[in-house]
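Please look at the model below together with its sequence. The report that follows goes through the chains, their contact and a few local features.

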Amino acid sequence: MNTLELKYAQEIEKILAKYPPDQKRSAVMPLLYLAQREENYVSEQALKEIAEILEIASTEVASIVGFYTLYYDQPGGKFRIQVCTDMPCALRGSEQFMQKLCETLGVQPGGTTPDGMVTVEGVMCLAACDRAPMFQVQSGEGLSYHENQTIESALEVIEQLRKNAERRNGNE
Amino acid sequence: MSEGYVLLRHRELPDLDQLEVYRQNGGFEALRKAVNSMKPDDVTQVVKASGLRGRGGAGFPTGVKWSFIDNKNWPHYVVANADESEPGTFKDREIMESNPFQFLEGVAICAYAVQANVAYVYLRGEFWQIAELLDQKIQEMHSAGLLGDQLFGSDYSLRIYTHLGAGAYICGEESAMLESLEGKLGQPRLRPPFPPSYGVFGKPTIVNNVETLTNVPMIINRGADWYRTMGTEKSPGPKVFSLSGRINKPGNYELSLGTTFRELIFEHGGGIPDGKQIKAIMAAGASSSLIVANEAALDTPMDYESVPSLGAQLGSASVIIIDETVSIDWLINKTMHFFRHESCGKCTPCREGTFWMSHLTERIHSGEAAPEDVNLLYDVANQVRGKCLCALGEFSIEAVLSGIDRFRADFDARVAPKQGEKLAEAAEN
């Protein structure tokens, strides 16, 4: 058994049970999310381990990481703030919101704060067009939506994320 | 709507997302009725008679699709399309968040109708929290004997699983979704064969949108005739319209199909902010042709037959409002940026076409384009037409062609040489 299997034996079993026994490959996307929980990105090691579990080539797993935008092959900030700057949100001021947020945090779009905590990115439609400006926060633990945002409320969200991260580090 | 809500019932029934409350309001009676007293094909016939059409965008008759299932090849599957990603669409989200059991009951009835023992809900990766919520609701259904083996004492068994995508718009296209569910790149398949004969894992599969399936329990409970009292003859039933853009009250509105644009925009949506004039409407999200918002257009009923008379489609009914302050060249640049990003890369006309079109729209919008670039953009768009494997490529050009045809002045203004440049040119000559 490899590291991923040892650590998440129960989760992996549950995931595999969703698909027919001869269609294990279907589990590649949920397993990638599981691997990403560890370091916020999919490492070479994780690619190999997922390939082993599913009995496919690790290049095939890598192609999935490359194709889908919510998987990362490089580490980024601990939290990814993904602002929807797509057309319907842009009609409600999301581009200005994004620009101001980047200025306030002192990063370029796509950049990460010096403490490695927050990466700010513009993304495509998140199905929240009536509550723009909005962003999602992606971390290893999952995704959450934050809607009808102002710069002030966004900074509060970020402050809370930092605090939670510190608390968790303190507990470890 | 005189009958009250059919889909967004949570708006008048508090806590409808709780199993007990849902059951107190007739929940799972339709599934029980189907499994205990109807043959699978009878269920399909009722849905066919109701005239329900797919709410994901294509408007294909749902019962007809179910009747296409290949009964010589087993097992069968049902996949609920919860990959809601069309810019301007946010209706399935509200249904799953607030009325999840009616949706899941619809999935279960569809599965019974085509005798599938496994159904998947394919959610876009961003709907992580909704997937967690649905997993919990599915678990509650199991505990209450509403899923699992020998449903209601019959020999029919059903399991429902969620499956999360990971940020690819193309996976809302049904054949790309099936590829993705198989753990492959989300790229469309060549069709035929269509999913009812060759779907996920190569088995007969019915793929339906969340909103479509959410209609089904009410149709089984109250009958096809009742359903046809709403909407128009060819587009019966209610529809959730997602209203966004330059509008006072953006949000979801459940209205009969055939409601006019004017009623949606000015009565329900509260009109245009700051007293501005409405300029254009995109009725099907970024995949729309641009509708010139004149009086005749505003009085057009929003149904699958009438919107095409405006040279546009209703699609998923994600109605984006554009006011007079927006230049259409900016709008086209945004939509093209989206399609360029989301093209899956499988077929050349779409991959290269969206790349070059976005290059041109960017150049036009930044004021660096020559006047002939507008015609070049139009030409490139025309060359993409009819050459793509799926609708993404085809839809990417709708806004470009209609934008240039119907709002040419916005483009010409952007590419006209500026006064200073004219003088400089004259001086050089």
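## Chain A: elements and extent

Read from the N terminus, the order of its elements is α-α-α-α-α-β-α-α-β-β-β-α. The model is predicted: local features need pLDDT of at least 70 and side-chain atom pairs count only at pLDDT 80 or more, while totals for chains, interfaces and linings use all residues. Residues are numbered from 1 along each chain as its sequence is written, and chains are lettered from A and ligands numbered from 1 in the order in which they are written.

The C-alpha trace of chain A spans about 50 × 40 × 25 Å along its principal axes. Of its 172 residues, 40% count as buried (20 or more other C-beta atoms within 10 Å of the residue's own; exposed means 12 or fewer, partly exposed in between, with C-beta atoms placed from the backbone). Among the contacts in chain A with a separation of 6 or more, 59% are between residues 24 or more positions apart; a contact requires C-beta atoms, placed from the backbone, within 7 Å.

## Domains

Chain A is assigned domain 1 (3-67) and domain 2 (79-171), with bounds that come from an automatic or database domain assignment. The C-alpha centres of these two domains of chain A lie 28 Å apart.

For chain B the assignment gives domain 1 (9-227), domain 2 (238-323) and domain 3 (328-415). The C-alpha centres of domain 1 and domain 2 of chain B are 27 Å apart. Their contact takes 13 residues from domain 1 of chain B and 15 residues from domain 2 of chain B. The domain 1 side of this contact has two nonpolar, five polar and six charged residues. In these classes, Ala, Val, Leu, Ile, Met, Phe, Trp, Tyr, Cys and Pro are nonpolar, Asp, Glu, Lys and Arg are charged, and the others, Gly among them, are polar.

## Where the chains meet

In the contact between the chains, 38 residues of chain B meet 33 residues of chain A. On the chain B side, the elements giving two or more residues are helix H7 (128-143), strand S3 (159-164), strand S5 (238-245) and helix H13 (328-342). H13(B) supplies the largest share, six residues. By class, this side of chain B has 17 nonpolar, 14 polar and seven charged residues.

Glu182(B) sits in the loop between helix H8 (174-181) and strand S4 (205-209) of chain B. Leaving out residues up to four places away in sequence, Glu182(B) touches Gln23(A), Arg25(A), Ser26(A), Val200(B) and Phe201(B). Phe201(B) is 19 residues from Glu182(B) along the chain, and their C-alpha atoms are separated by 6.8 Å. Glu182(B) is partly exposed because 15 other C-beta atoms lie within 10 Å.

## Helix packing in chain B

Helix H2 (residues 29-37) of chain B has the buried residues Ala30(B), Leu31(B), Ala34(B) and Val35(B). Seen down the axis of H2(B), its buried residues fall within an arc of 120 degrees, so they line one face of the helix; the arc is that of the directions from the helix axis to the C-beta atoms. On the face turned away from the buried side are the exposed residues Asn36(B) and Ser37(B). The cover over the buried residues of H2(B) includes helix H3 (40-50), helix H6 (100-113) and helix H9 (210-222) of chain B.

The axes of H3(B) and H9(B) come within 10 Å and cross at roughly 100 degrees. That makes H3(B) roughly perpendicular to H9(B). Axes here are lines fitted to C-alpha atoms, for helices over the stretch in contact, with angles from 0 to 180 degrees between N-to-C directions; under 35 degrees counts as roughly parallel, over 145 as roughly antiparallel, 65 to 115 as roughly perpendicular and the rest as oblique. Val43(B), Val46(B), Val47(B) and Ser50(B) of H3(B) meet Val216(B), Ile219(B) and Ile220(B) of H9(B). The residues of this contact divide into six nonpolar, one polar and no charged.

## Backbone features

A cis peptide bond joins Ala132(A) and Pro133(A), with omega about -5 degrees. Pro133(A) is in the loop between strand S2 (118-123) and strand S3 (135-139) of chain A. Another cis peptide bond, with omega about 0 degrees, joins Arg191(B) and Pro192(B); Pro192(B) is in the loop between H8 and S4 of chain B.

Phi of Asn40(A) is near 70 degrees, a positive value in a residue other than glycine. Asn40(A) lies in the loop between helix H3 (28-39) and helix H4 (44-54) of chain A, and counts as partly exposed with 19 C-beta neighbours inside 10 Å. Phi of Phe28(B) is also positive, near 70 degrees. Phe28(B) is in the loop between helix H1 (19-24) and H2 of chain B, and is buried, with 23 other C-beta atoms within 10 Å.

Technical notes. Helices (H or I, at least four residues) and strands (E, at least two) are DSSP runs, numbered from the N terminus. Two residues are in contact if their C-beta atoms, placed from the backbone, lie within 7 Å.
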